[in-house]
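Trainee: I would like to learn how to read a structure like this one. Could you walk me through it?

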Amino acid sequence: RHEGKTNYFRGKILAYFAVLMIVLVTLFVMGSKKEHMLLNINKSTRPYKILDKGLVQNDYIFMFSNTDGKRHEYFFEIVDNDKIKIRRPNESFSIGAGKKKKTVVILEAKETLGDNSQKDVYTLVTIRAYALDEKEKIVVDRQAVFVYPHEDMLKK
């Protein structure tokens, strides 16, 4: 009778240690996949700005955070929409190890992104940010929304 209880508790303890080992291995694997750069993209309060000749601009605030142990030179590009270009900034910038930097980014559309006469057109844009010196290791993709005005706004 006493042996049955001992085997029962021994089995519970082994199950507990097995679960604990799985959790520890999972934490180790997730911890080894550290992002060396963080990027947060926020849209400004103005949905868009209409310039001469049908140019439409959207303003964003990018918050870069260099979580790597050394200084890097960063830049970014749009990877999935050739109708939208980066107007500003047009040069790379440096961020020290463990530092953060806010950057105002202006994206511009020279071509029509939609032909809706009633509502603005919302287009998802993928932005790839990377360190120029370690592009394979330090790279992140983020999505942002580009707002293109409806036809009536462009005619004004």
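Predicted model: local features only at pLDDT ≥ 70, side-chain atom pairs only at ≥ 80, totals over all residues.

Trainee: How many bridges join strand 2 to strand 3, and in which sense do the two strands run?

Mentor: In general, strands of a sheet pair through backbone hydrogen bonds, either parallel or antiparallel. Here two bridges join strand 2 (residues 49-50) to strand 3, and the strands run antiparallel. Ile-50 has Val-56 of strand 3 as its bridge partner. Five residues lie between the strands in this hairpin, and Lys-53 there takes a positive phi near 60 degrees.

Trainee: What other strands pair with strand 3?

Mentor: Strand 1 (residues 37-43) pairs with strand 3 in the antiparallel sense over seven bridges. Strand 7 also pairs with strand 3 in the antiparallel sense, over 10 bridges. Phe-62 is a handy landmark: Phe-62 is the bridge partner of Ile-41, and Phe-62 also stands opposite Thr-103 in strand 7.

Trainee: How many of the 11 residues of strand 3 are buried?

Mentor: Nine of them are buried, so strand 3 is mostly covered. Asn-66 is found in strand 3, and with a relative accessible area of 0% Asn-66 is buried.

Trainee: Which backbone atoms does the side chain of Asn-66 reach?

Mentor: There are two to look at. The side chain of Asn-66 reaches the backbone nitrogen of Asp-68 at 2.9 Å and the backbone oxygen of Ile-95 at 3.0 Å. Leaving aside neighbours within four places in sequence, Asn-66 is in contact with several residues, among them His-36, Arg-71, Tyr-74 and Gly-96.

Trainee: Now the open sheet of four strands: what is its order?

Mentor: The order is 6-4-8-9, with antiparallel pairing. Strand 6 (93-95) and strand 9 (139-148) stand at the edges with a single partner strand each, so one side of each is left without a neighbour in the sheet. On average, neighbouring strands of this sheet are turned by 35 degrees against each other, direction ignored. Within the sheet, five bridges join strand 4 (residues 72-78) to strand 8 (residues 121-131), and Phe-76 stands opposite Ala-129 in strand 8.

Trainee: How should I describe two aromatic rings, and how many aromatic pairs does the structure hold?

Mentor: A pair of aromatic rings is described by the distance of the centres and the angle of the planes. The structure holds seven aromatic pairs. Phe-64 and Phe-93 form an edge-to-face pair, 5.0 Å centre to centre with 70 degrees between the planes. This pair links distant parts of the chain, with Phe-64 in strand 3 and Phe-93 in strand 6, 29 residues apart. Both Phe-64 and Phe-93 are buried. The rings of Phe-75 and Phe-76 have centres 5.3 Å apart and planes at 20 degrees, so that pair is stacked. Ring pairs link Phe-62, Phe-64, Tyr-74, Phe-75, Phe-76 and Phe-93 into a cluster.

Trainee: Which ring does the charged end of Lys-43 sit over?

Mentor: The charged end of Lys-43 sits over the ring of Tyr-60, 4.9 Å from its centre. Lys-135 lies over the face of Tyr-130, at 4.3 Å from the ring centre.

Notes
Residues numbered from 1 in each chain as written. Heavy atoms only, no water. Pairing = 2+ DSSP bridges. Axes fitted to C-alpha atoms, helices over the stretch in contact; angles between N-to-C directions. Buried < 20%, exposed > 50% of the residue type's maximum accessible area, 1.4 Å probe, protein only. Polar contact = N/O pair within 3.5 Å; in protein donor to acceptor, adjacent residues only side chain to side chain. Contact = heavy atoms within 4.5 Å. Phe/Tyr/Trp six-rings, centres within 6.5 Å; stacked < 30°, edge-to-face > 60°. Lys NZ or Arg CZ within 6 Å of the ring centre and 35° of its normal.
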